[in-house]
Amino acid sequence: MSKDEAKKEWEAFTNAPAPDLSEQAKLILRLKKPEGKADVVIDTDTYNEIDDQFALAYLIRSDDKLNLKAIYAAPFFNHKSSGPADGMEKSYQEILRVLTLMEREDLKDVVFRGSTRYMPSEDEPVISDAAKDLAARAMEYTQENPLYVIAIGAITNVSSALLLKPEIKDRIVLIWLGGNAIHWPHNKEFNLYQDVAGARIVFGCEVPLVQLPCMGVVSAFTTSGPELEYHLRGKNKICDYLVDVTTKEALECYGGSTWTRPIWDVTAVAWLLDGDFMEESLIHSPIPEYDDRYAFDDNRHFIKYVYHINRDNLFADLFKKLTK
């Protein structure tokens, strides 16, 4: 069957225009993991939960593979903040605290404050230092040599940058821990439901996207107090800090003497690293709806979807790097 015949058959079967197969192929190729060392930025609501600090420290200690170019403070709003602006500022200060503990004062020059509010609509960006830096920085890259954007909070900074400079979608690859698994009964996940408009932008604009769903997938990536004490206690300042804050958070949230706690955000960093850390597949990009559900359309572009975390392999690598 010729390409023209295949196109006609697609359109007759779906009653919709056939996709540009060559563009789809290019998009899929860009979803391959990078070979060699990759330039990355990270967008993080660092004060929200301790998993962000784990992820940032893991990224910094993975400098054999990842070249950290910038750190963006993301907004959040829960019991730890009085609103998204306060959450962003607390995250900004927490990023600086982590860098101090890791004796990486050199990275403080590339830490940027992010959005003070969520997207007011799907076509209006929220201007911030983080969004402006990402929009400008990404323009220095190409499809063949993209900038990798690790996002582990509300997606406002990234979606705003995509609205400020739509052409950067062809110059970045986005790895986002956000939303729940497609089989989960609802999609009310913290990173996503804070800014559904922003999520709809990144799932809909055809930026190369790797999704790490929370409940139903990354929720299996948990650790316990005794495990952290055994592997991290006494190794260095950042390790002690991670153990102390994780234990404090776990006792506040779960109570009791027996607990495990997801360290979700580490998995977004791990996707870029060499190792048997997760299983993934290609799916048509789902549509985050405003009623906390996904909609599905098999005519949409593909994204990379992580459906399983090899928990022990990843924790072994995490502990090795944090304690080195």
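This is a predicted model: local features need pLDDT of at least 70, side-chain atom pairs count only at pLDDT 80 or more; totals for chains, interfaces and linings use all residues.
Trainee: By class, how many nonpolar, polar and charged residues does the contact of α9 with α10 have?

Mentor: Sorted by class, the contact of α9 with α10 comes to 4 nonpolar, 1 polar and 2 charged residues.

Trainee: Are α9 and α10 roughly parallel or antiparallel?

Mentor: Start with the angle: the axes of α9 (residues 225–232) and α10 (residues 237–253) come within 10 Å and cross at roughly 170°. Angles over 145 degrees count as roughly antiparallel. So, relative to α10, helix α9 is roughly antiparallel.

Trainee: Which residue in β12 stands opposite Gln 211?

Mentor: Gln 211 sits in strand β6 (residues 209–212), where it is buried, on one side with Leu 209. Strand β6 pairs with β12 (residues 302–309) in the parallel sense, over 2 bridges. Opposite Gln 211 you'll find Tyr 305.

Trainee: Through which helix does the chain cross from β1 to β2?

Mentor: Strand β1 (residues 38–44) has 6 of its 7 residues buried. It runs parallel to β2 (residues 66–73), joined by 7 bridges, and Ile 42 has Ile 71 as its bridge partner in β2. The β-α-β crossover from β1 to β2 is right-handed, and the helix it goes through is α3.

Note on methods
Residues are numbered from 1 along each chain as its sequence is written. Side-chain values use heavy atoms; hydrogens and water are left out. Axes are lines fitted to C-alpha atoms, for helices over the stretch in contact, and angles run from 0 to 180 degrees between N-to-C directions. Helices (H or I, at least four residues) and strands (E, at least two) are DSSP runs, numbered from the N terminus. Angles under 35 degrees count as roughly parallel, over 145 as roughly antiparallel, 65 to 115 as roughly perpendicular and the rest as oblique. Ala, Val, Leu, Ile, Met, Phe, Trp, Tyr, Cys and Pro count as nonpolar, Asp, Glu, Lys and Arg as charged, and the others, Gly among them, as polar. Buried means under 20% relative accessible area, exposed over 50%, partly exposed in between (1.4 Å probe, protein chains only). Two strands pair if DSSP finds at least two bridges between them. A crossover is right-handed if, with the strands pointing away from the viewer, the path from the first strand over the helix to the second runs clockwise.
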